Amino acid sequence: MPKKPEEIIRDDIRALTAYHVPDSTGMVKLDAMENPYRLPPALRARLAQLVEDASLNRYPDPGAGQLKARLRESFAVPEAAELLLGNGSDEIIQMLVLASARPGAVVLAVEPSFTMFRMISAFAGVRYVDVELREDFGLDVGRMLEAIEEHQPGLIFLACPNNPTGNLFDTAAIERVIAAAPGMVIIDEAYHAFADHSFMARLPHYANLMVMRTLSKVGLAGLRLGVLAGRGEWIAQLDKLRLPYNVSTLTQMVACEVLQHGAVLTEQAAAIKLERGRLLRGLQGVRGLTAYPSDANFILFRISHAERVFDGLKQRGVLIKSLHGSHRQLANCLRVTVGTPQENDAFLAALTHTLNA
Ligand code: PMP
């Protein structure tokens with residue numbers, strides 16, 4: 001008799017709940033921080049040609065040399081830094097956590113923040129310590145420094161702008177964290193395109209700083225490409241954990257080509273930032289609703305009976321994200337991704353109808 005899952009699969013894995021992705025067929029999809037715009041037709045035609053000519057019978061370039069050169073330029077990566085590529089930044093988080101998973105290792109992050117920091121630490125059996133943000137969602141430096149002193153984390157993850165709160169953390173506060181950290185500090189700049197701030201240029205100043213980016217939020221979520229920039233001595237170790245050929249031929253080709261026309265993505269990000277302002281004003285006009293200013297491509301807001309509001313929106317064909325129940329500071333909080341003007345109008349109309357129903 002073959003054994004049952006409970007005899008083979010680790011108890012802590014069976015106790016986990018899988019990352020839930022709801023069905024969005026036919027919905028106005030404003031739940032996953034995707035860019036609502038497609039690429040221009042001429043560029044799409046060029047990509048189709050590249051796919052037609054691709055040698056898909058061969059493995060991809062394992063070092064992705066061409067793509068890395070393109071990324072260095074597009075992201076203004078300092079000379080002193082090396083790059084590690086992942087199948088999305090999720091995979092990079094996984095490589096970082098696995099590589100640091102010595103006995104007694106600790107990953108430190110803030111709460112509320114991106115769930116995968118916690119989940120991947122659980123996958124790797126690494127102790128995860130979180131420090132609550134201040135009530136205004138700012139970084140609580142005092143408590144961060146205490147936690148660093150007490151737990152001596154090998155890795156500290158700070159998403160900046162933070163998901164799901166949307167804000168940037170104070171630069172001086174982050175610098176104090178970097179200075180106090182005994183290990184690596186990874187600044188996750190997934191939402192960099194919508195913020196006017198980056199730690200990329202500071203990489204040469206700190207031996208223990210790494211900056212992570214992704215193409216997912218700027219219009220290429222379907223490609224799955226994440227990027228980590230840091231000192232060569234760290235990147236070389238992480239690279240040993242990278243599965244061979246983790247970035248496919250198609251991803252390398254398409255990313256190279258699109259980044260060569262990077263202005264398209266910058267213009268789309270600018271349109272999203274404009275819409276973010278309009279959406280925020282729309283939300284702030286709703287009585288009893290608190291909307292938090294955002295440096296990302298989504299807006300967090302608090303409203304009483306949030307779950308009922310979420311369901312009401314869903315019934316009206318608009319899918320956003322409910323964070324109610326995920327953390328004390330997110331009670332009655334919902335998160336909406338900035339869509340096209342039409343999508344945002346549909347969302348605001350559905351919200352009004354839901355609240356008046
Ligand atoms: N970091 C943050 C802060 C995120 O919000 C996300 C996506 N929700 C990711 C990383 C993962 O992005 P990807 O794996 O698509 O690159």
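This is a predicted model: local features need pLDDT of at least 70, side-chain atom pairs count only at pLDDT 80 or more; totals for chains, interfaces and linings use all residues.
Biologist: How many residues does the largest nonpolar core have, and which of them have the most contacts inside it?

Modeller: The general idea is that nonpolar side chains tend to be buried together in soluble globular proteins. Here the largest nonpolar core has 63 residues. Leu 67, Leu 71, Leu 139, Met 144, Ile 156, Leu 158 and Ile 174 have the most contacts inside it. Helix α10 (residues 249–260) supplies the largest share of this core, six residues. At least three residues of this core come from domain 1, and at least three from domain 2.

Biologist: What is Leu 67 in contact with, leaving aside its neighbours within four places in sequence?

Modeller: With those neighbours left out, Leu 67 is in contact with Leu 85, Leu 225, Val 247, Gln 252, Ala 255, Cys 256 and Leu 259. Another core, of 32 residues, lies apart from the largest one, and includes Leu 30, Ala 269, Leu 279 and Val 318.

Biologist: Next, charges. How many salt bridges does a search of the whole structure find?

Modeller: In general, side chains of opposite charge can pair when their charged atoms come close. The search finds 18 salt bridges in the whole structure. One of them joins the side chains of Glu 73 and Arg 70, at 3.7 Å from N to O. Glu 73 and Arg 70 are about one helical turn apart because they are three residues apart in helix α4 (residues 65–74). Glu 73 counts as exposed, with 60% relative accessibility.

Biologist: Which residue forms a salt bridge with Arg 278, and in which helix do the two lie?

Modeller: The partner of Arg 278 is Glu 275, with 2.9 Å between the closest N and O atoms. Both are in helix α11 (residues 262–284), three residues apart, which is about one turn of the helix. Arg 278 has 31% relative accessibility, so it counts as partly exposed. Glu 275 has 9%, so it counts as buried.

Biologist: Which salt bridge links distant parts of the chain?

Modeller: Take the side chains of Glu 175 and Arg 202, which meet at 2.8 Å, N to O. Glu 175 is in helix α8 (residues 171–180), while Arg 202 is in the loop between β6 (184–188) and β7, and the two are 27 residues apart. Glu 175 counts as partly exposed at 24% relative accessibility. Arg 202, also at 24%, counts as partly exposed.

Biologist: Is Lys 217 buried or exposed, and how far away is the nearest side chain of opposite charge?

Modeller: Lys 217 is buried and has no salt bridge. The nearest side chain of opposite charge is that of Asp 90, 7.5 Å away; a salt bridge needs nitrogen and oxygen within 4 Å. The lysine is placed in the loop between β7 (209–214) and β8 (226–231).

Biologist: What does the side chain of Lys 217 join in a polar contact?

Modeller: The side chain of Tyr 191, at 3.5 Å. Beyond its neighbours within four places in sequence, Lys 217 is in contact with several residues, among them Ala 32, Asn 35, Phe 194 and Asn 297.

Technical notes:
Residues are numbered from 1 along each chain as its sequence is written. Side-chain values use heavy atoms; hydrogens and water are left out. Helices (H or I, at least four residues) and strands (E, at least two) are DSSP runs, numbered from the N terminus. Buried means under 20% relative accessible area, exposed over 50%, partly exposed in between (1.4 Å probe, protein chains only). Lys and Arg count as positive and Asp and Glu as negative; His and the chain ends are not counted. A polar contact is a pair of N or O atoms within 3.5 Å; within protein, one must be able to donate a hydrogen and the other to accept it, and residues adjacent in sequence count only if both atoms are side-chain atoms. Contact means heavy atoms within 4.5 Å. A nonpolar core is a set of buried Ala, Val, Leu, Ile, Met, Phe, Trp, Tyr and Cys residues joined through side-chain atoms within 4.5 Å. Domain bounds come from an automatic or database domain assignment.
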